[in-house]
Structures are given as C-alpha cells and as structure tokens.
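Welcome! Please take a look at the sequence and the 3D structure below, and keep them open while you read this short briefing.

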Amino acid sequence: MSMSFLEVKNIKTHFPIQKGSFFSKTVATVKAVDGVSLTLEQGEVLGLVGESGCGKSTLGRSILRLIEPTSGEIFFDGKEISSMDPKALRKERPQFQMIFQDPYASLDPRMTVFDTLSEPLIFHKIVGKDEVENEVQRLMKMVGLAPRFIHKYPHEFSGGQRQRIAIARALALRPKLIIADEPVSALDVSIQSQILNLLMDLRNELNLTMIFISHDLGVVKYLCDRVAVMYLGKIIELASSDELYANPLHPYTKALLSAIPLPDPQAEKKRERIILQGDPPSPINPPPGCSFAPRCPKKSSALCETKMPQLIEIKKDHWVTDCPCNVPA
Amino acid sequence: MLEVKDLKTYFYTRNGVYRAVEGISFSVKRGEVLGIVGESGSGKSVSQYSLLRLIPSPPGKIVGGTATFDGVDLLNCSQAELQKIRGKKISMIFQDPMTCLNPYMTIGDQIMEPLFIHDKLSKEEAVKKAKNALEEVGIQDALNRLKSYPHELSGGMRQRVMIAMALITEPELLIADEPTTALDVTVQAQILDLIKALQKKKNTGVIFITHDLGVIAGIADRVMVMYAGQVVETAPTAQLFEKPSHPYTRALLSSSPALHARGERLKTISGLPPDLSKEIKGCAFADRCPERNDRNCGSENPKLVELYKDHFVANCEACIHHSPSNTSKA
C-alpha cells in the first residue's frame, strides 16, 4: 500500500491531573485526543470541526509534536515523525508549520516584522545572509503587506494585518503542510473574507496541504475538501465536504449543521433546528459507551451507553461511528 | 417604548476625541426585537451602554441626544430615577459570561440581588423566584445550583444564569450585547431559542447586538446596521436581506462564506474602518466603498432617508440608486 502524504494512526494525547506538590501522583487523566486516525493527500485541505474542548486544537498540535502525543504514529511524507529525536525533528520542522488563532498573542510584541520573519530564515539557513531582506520583502508581498512596513512592530497593525504577518511567518520556511488553528475566528467578517481569500490563493500557488481547524462550519464548507467532525477527543464522522453537508449521518453532525445561523431570514424561519440538551461530558471521565449518548436525540438502546462505537466506512469515503443511530435513511 | 434621538458619545483620550457614537436615532416597540449589526468599533455596544449610562466617565461622555423610555429621559434624569429603571425595567445581558459574573458570589446571591433592591422581597420569596428563573432557562437541579459559584458552571450555563438574572425582574426592555458570541454553535442555538421563547412569552422588547448576520436573520424583527458610529441602514429583517440598499450592508452580506460555493473567491471589503479620532467628512464608508461615485461622497454628510416603507438608509445619493435590486423603488 502506498503511503499518503500525512498519515496519523491512532494518536492519543492524554494529560495527567496531578495532586500534591512534591510527592505528586496522578489522580486522573484528561483524554483530550483519544485515538484519532487520519490521512491526507498532498494538496488537500482537511477541515477539523467541533465544539470547544473537543480536542481539535490539541490534535493539531500533537500532529506537529508541539504537544507530545501519548501514543500513536505520525508519518509525514514517508518519514515517521512520531518517534524522531528532537534533533532530527528540528531538521524536519520547516516542512510543517502552524498558524495560530490569535494574532494578538502569537506575535512577539518586541520584534519588528523583519525580526519575526527573518528569524526562521536565518535559523534554518533558508537563504544566504545578504538575501534575507529581499526574502522578507517577498514574503510580505505574498501575503499582501506593503514592504514599507518592514520595520514596524505588531501593535502598529490591525488584527487582519497581524494575521497576515503570522501567515507570512508560517510560509517563510516553504512548508508543505500547514496546520491553521482557527486563523480567522478573532477577525471581523469583512477582514475574515480577506484572509480566507489569501489562504485560498496561497494554497493554489504553493500547492499547500492544510489542516484547517475551526468551529465555524460556514467557513469550513467554503474552504475544505474533506471535513472531520470531532467530539470529545474522537472523530465521529469524516467525509468530503459536499457529502458531509448534504448527507450528514451522525446525530451530532446533524445538530451541528442545523445550528449554523444562516444569513437568510426566509431559510431561518423554515428550517428545523435540532436543539441539543446539556453540555458535552467531561473528558476526565468520559462515558464508557458512545460519548454523545447523554445528549443524543436518537439514542436507541442501552447499548449506546456501554458499547464504544468504532469509525467505519459506511459508503465510499464517508466514515462514521458504527452506532445504530447513524444508519443512512 | 424607547425612543433615542441623536445620541452622541465621545471618548476624550490623550490621543484626541474618539467619536464612538456620532448621532444615532432609533426606537424599539414593545415586543419587538431590534438587531444591531456592525464590525467591532462601529459603536454598537457603546450606544447601548450609553442608554444605561454605563460608560466609564472620564474618558467617556454622552455629548448629546435624548433617550426617552416610558416618559423618562434616560440620559438626563437623576441617578435615583435611573436606578429605578436600570436592572428593573431595562436589563442587560453582557457579552462574556466568563467575566461578567462575580466569582466571589454564589449564583443565587447574584440572581437575587435585584429582587432585594428593586422588589424588596423577603429571602424566602426571592429564593423561590430565583429557583423558578433558573428552571425557566433550562438549568436542572436549580435549588442546588443557586449555591454554586460561577467557576463550577460551563460557559453555556453561565450565559443562562446571566439571562435568568436579566429577566428575573421582568423587564420591559432587554438589551443583549453579543450574548452568544463566546459560545459554541450548538449552545448558541439553545440560547437563541431561549431568548426568543421568553421574549414571546413576556412580550419584552429586545435590543440584540451581534456581528453575526446569521444570528440576526434568525432572531430580529428589524435590523439596524452601524458603521463608524453612525446608522447606515435600518429596515425590517426580511426587507434588509432582500433589498440591502447601502453599499456597506451589501458588502457585508456578500462577504459571508456561507453564501459562496467552495473555491469561489470571497467578496471582500478592502481597507479598514476609518479612524474615529479624526472628524469624518462626508460618507464614512466612502474610502472603502466598492460602488463609490465621486459626486458627493467626500463632502456631504449623508442623512437617513426613508427609501421604502420603514426602510431607512443613509442617503448617499450616488450609491443607493445604483444597484439593480433597487430598480423596483417604491
């Protein structure tokens, strides 16, 4: 079997909760990511959606080993990066980069645009010393920033401009894979569309592979080829965007889609909303069976609460957990 | 019920006068939901905080205008008079339930506070009422929850507590400032449902502030679009989405990713909102306006005119008659 560009196999990230200061012992574990497998082909954009606390950001960071996963395997471009030692990993890092959510927090306030963008170039010896300035200017132009801003500090820019700097920094190392963690959530609608356009252009120009983490299903539908829905540390449904939005199978996906507010009063009046009761359960002591069972409007049997559902391919390229609630109508 | 005329709120800062709200007028009827949309910094929150005189002063100052509620001018009445209205007849739900509840007080004490102040209820009656209020917003085990502290509750639960708190005095007008922005979509749907149901049941007037056009479409009867401290358009919801008449409204509506096919280029509004510390001459949107027509944009201050029945738009002559959607002008 040929290998995909990115393969994540049964990755788990658990955080211990410790009590006591010196003779501390682990009293419980937060299972933030609990057995996720994914594959991505080159040039593909995968959307990762779910509510806050479902582990989507932790998954993104674990794939890049910004958080060490507890177990599982990650293959990137044929190389296993999950077991690489730090030195070897550092050599590979330029190939996979991250864009963070909040451009107010992710840029160093004491570094100018030039400092921020040249640091990775110099560290990883991407260009020769005398070419650094040219390269920084090229990056700035690529993300739509005027090169005359090169010696300005982050506080002199608006949110949208800052996010452009953050994108330029991620692109500085000419990565093949980008993980974007809610890159437009902190921005206003009119600015959001500018940044989304930029990401689309860059993706086409540079043939980027991207994992796009978001809780905004409208944005994900627009941008992504495939979408994975996460709930409490697990993927519960995975399909192409067209398929997922037209034909959701998991009751949670259905509820999530029905909850997106549409900018159209007529449609808003007509459609039926599935209002979920309660909140997601705590990832500290997740229920033994289907994690969605306590809120599931279609819960059918006691089996839901005891048997852990597995992800199966129900149709070609449409994966969903094998619980009785998900049978296609 | 509420009639606001020519409200102006300025902030006097070291870097100059920041004209956050620059002469806005609107009204809310009993049982009506007025939605206010706009980008951050457009003055939507400041205008509502001004009504209840919640603007920190200095640096903020209400420089002009009147706001008549039940015959009382909220902006110019005495503090004692305002106290009687604020929290009783008009109450507010704030944006961020994580920071707006007092972490040192139990939920119960916070919910009951207005009952002791305004209605002078006994402890027993207050507890009973608070319990009912929590049940009404869908919190189970209400009696025990009254003893919880805010950190023991999830975001959605806290927002429900805020709503219960705002509604416990049975206000005639509820101001909700982005009550669902900090929440997940599924929880947002719960909260919107709840506000709608309670509003219908008690025939409360609601001012609903949000930047999410989807939320507005679902909840509001009438929408007011704000830009740079001014109202650029106000219309019944269906009418606004069908015939957006101001170029800014049009641009805002068409930049929503939900309305685009995958891979299609998003329409954007280029540039940034204007710097409010400088006086704006002419149309505030002129610099970013995609339909800009140079005739008068830069010089004349546009006034609101009634384009269709109940549909007011900032009269930028050059632009509003441009769009094909306006050909059927009444």
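**A first look at chain B and its partner**

In strand E4 of chain B, Lys5(B) has Thr66(B) as its bridge partner. Helices (H or I, at least four residues) and strands (E, at least two) are DSSP runs, numbered from the N terminus. This is a predicted model, in which local features need pLDDT of at least 70, side-chain atom pairs count only at pLDDT 80 or more, and totals for chains, interfaces and linings use all residues. Residues are numbered from 1 along each chain as its sequence is written, while chains are lettered from A and ligands numbered from 1 in the order in which they are written.

**The four-stranded sheet of chain B**

- Four strands make an open sheet in the order E2-E1-E4-E5 (chain B), with antiparallel pairing; two strands pair if DSSP finds at least two bridges between them.
- At the edges are strand E2 (16-28) and strand E5 (72-73) of chain B, each pairing on one side only.
- Strand E1 (residues 2-13) and strand E4 (residues 60-69) of chain B are antiparallel and share eight bridges. Here Tyr10(B) sits opposite Lys61(B) in E4(B).
- E4(B) and E5(B) run antiparallel and are joined by two bridges; Thr68(B) has Asp73(B) in E5(B) as its bridge partner.
- Their hairpin has two residues between the strands, and Asp70(B) takes a positive phi near 55° there.
- Helix H1 (residues 44-51) of chain B lies across E1, E2 and E4 of chain B, at about 110° to E1(B). Such angles run from 0 to 180 degrees between N-to-C directions, with axes fitted as lines to C-alpha atoms, for helices over the stretch in contact.

- E6(B) and E7(B) are parallel partners over four bridges, and Ser91(B) has Leu174(B) in E7(B) as its bridge partner.

- Why is H6(B) largely enclosed by the rest of the structure? Because 12 of its 13 residues are buried, meaning that 20 or more other C-beta atoms, placed from the backbone, lie within 10 Å of a residue's own.
- The buried residues of H6(B) pack against strand E6 (90-93), helix H3 (107-119), helix H4 (123-136), strand E7 (173-177) and helix H7 (185-202) of chain B.
- The largest nonpolar core has 184 residues, and Phe212(A), Val229(A) and Ala164(B) have the most contacts inside it. A nonpolar core is a set of buried Ala, Val, Leu, Ile, Met, Phe, Trp, Tyr and Cys residues joined through C-beta atoms within 7 Å.
- H6(B) supplies the largest share of this core, eight residues.
- Beyond its neighbours within four places in sequence, Ala164(B) is in contact with residues including Ile111(B) and Leu134(B).

**Where the chains meet**

- How many residues of chain A are in contact with chain B? There are 32, touching 36 residues of chain B; contact means C-beta atoms, placed from the backbone, within 7 Å.
- H6(A) gives the most to the side of chain A that touches chain B, with six residues.

Notes: Contact = placed C-beta atoms within 7 Å.
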